[in-house]
Amino acid sequence: MLEGPLDYRRVWQHKPVLRLIYADLYRRIVAAMTAGQTLEIGGGAGNFKTFAPDVVSSDILTVPWLDLVCDAQRLPFADDCFANIVLVDVLHHIESPRLFMSEAERVLVPGGRLVCCEPAITPVSGVFYRALHREPVDMSVDPLAANAVTGDRNPYDSNQAIPTLMVGKYREAVAREVPRLALRSVDRFSFWAYPLSGGFQNWSVLPAFAAGPLLWLEWRLRRLLGPLAGFRLLAVYEKAS
């Protein structure tokens with residue numbers, strides 16, 4: 001079982017197919033961003049920082065390859081100071097998504113974007129995540145509940161359902177909570193490549209040479225297959241002027 005950023009970084013360095021899959025994902029994230037300074041929340045193993053060195057990369061844990069340590073629910077920045085905030089597999093770990101969304105709304109400049117790539121819970125992926133993934137999936141929760149933020153919570157505690165709930169059932173509630181953050185787009189994608197790669201596990205049944213063509217095909221099928229079988233979602237919010 002992976003225990004922290006060092007473990008994830010080790011797998012990343014020794015698994016070419018994983019790097020190919022994430023490079024494709026990172027290109028889509030960058031394409032969704034607007035011009036200007038970018039803050040990454042939950043930089044962890046530093047993979048996005050390696051791909052986009054100009055990004056200010058943060059995490060709640062202290063790791064030497066990132067720029068700063070901070071809590072996403074209490075960002076240590078002035079109002080209107082970042083053009084983009086990026087999260088990759090982080091939102092579903094945040095104790096109070098409501099507080100984070102308020103902070104994102106505050107620190108983004110008008111026209112700035114919040115770009116989140118997270119697990120998508122669909123009829124197909126939900127079976128996989130519940131049966132084969134150690135992180136829980138609880139679709140019964142209210143992601144905007146007024147959770148008390150504690151100082152001793154394990155940062156790897158999670159609920160993979162949170163992002164799906166926020167862009168689905170609770171979409172209007174999120175809009176009321178952060179009225180200046182409009183949900184610009186949601187894409188559900190990733191059907192075969194990531195599950196076949198084994199993710200951050202040490203195994204893979206997907207050869208590296210097949211990753212590129214398969215990722216190309218998956219993205220083009222996202223509108224047809226995404227709501228039924230997408231394993232990931234890419235959500236882009238934009239702050240109103």
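This is a predicted model: local features need pLDDT of at least 70, side-chain atom pairs count only at pLDDT 80 or more; totals for chains, interfaces and linings use all residues.
**Helix 1 and helix 2**

I looked up how helix 1 (residues 5-13) meets helix 2 (residues 16-32). Their axes come within 8 Å and cross at roughly 100°. Angles of 65 to 115 degrees count as roughly perpendicular, so helix 1 is roughly perpendicular to helix 2. I then listed the residues in contact. Helix 1 supplies Val11, Trp12 and Gln13, while helix 2 supplies Leu18, Arg19, Tyr22 and Tyr26. By class I have five nonpolar residues, one polar and one charged.

**Helix 2 and helix 9**

Next I took the packing of helix 2 with helix 9 (residues 208-220). I find an angle of about 30° and axes 9 Å apart. Angles under 35 degrees count as roughly parallel, and therefore helix 2 is roughly parallel to helix 9. I noted the crossing as right-handed. On the helix 2 side the contact involves Val17, Leu20, Ile21, Asp24 and Arg28; on the helix 9 side it involves Ala208, Ala211, Leu215 and Trp219. This contact has seven nonpolar residues, two charged and no polar ones.

I also checked which residues of helix 9 are buried. They are Ala211, Leu214, Leu215, Glu218 and Trp219. Their packing partners are helix 2, strand 6, helix 8 (193-197), helix 10 (222-229) and strand 7.

**Nonpolar cores**

I went on to the largest nonpolar core, which has 39 residues. Which members touch the most other members? I have Ile41, Ile85, Leu87, Phe100, Met101, Leu114 and Tyr237. Among the elements giving two or more residues to this core are strand 1 (38-41), strand 4 (82-88), helix 4 (97-107), strand 5 (108-119) and strand 7 (232-239). Helix 6 (162-167), helix 7 (171-177) and strand 6 (181-189) are also in that list.

Leaving out residues up to four places away in sequence, Phe100 touches Ile41, Ala72, Gln73, Ile85, Leu87, Leu91, Ile94 and Leu114. I recorded a second, separate core of 31 residues, including Val17, Leu18, Met33 and Ala52. As background, nonpolar side chains tend to be buried together in soluble globular proteins.

**Tyr156**

Last, I looked up Tyr156, which lies in the loop between helix 5 (123-132) and helix 6.

Key:
Residues are numbered from 1 along each chain as its sequence is written. Side-chain values use heavy atoms; hydrogens and water are left out. Axes are lines fitted to C-alpha atoms, for helices over the stretch in contact, and angles run from 0 to 180 degrees between N-to-C directions. Helices (H or I, at least four residues) and strands (E, at least two) are DSSP runs, numbered from the N terminus. Angles under 35 degrees count as roughly parallel, over 145 as roughly antiparallel, 65 to 115 as roughly perpendicular and the rest as oblique. Contact means heavy atoms within 4.5 Å. Ala, Val, Leu, Ile, Met, Phe, Trp, Tyr, Cys and Pro count as nonpolar, Asp, Glu, Lys and Arg as charged, and the others, Gly among them, as polar. A nonpolar core is a set of buried Ala, Val, Leu, Ile, Met, Phe, Trp, Tyr and Cys residues joined through side-chain atoms within 4.5 Å. Buried means under 20% relative accessible area, exposed over 50%, partly exposed in between (1.4 Å probe, protein chains only). A crossing is left-handed if the near helix is turned anticlockwise from the far one by less than a right angle, and right-handed if clockwise.
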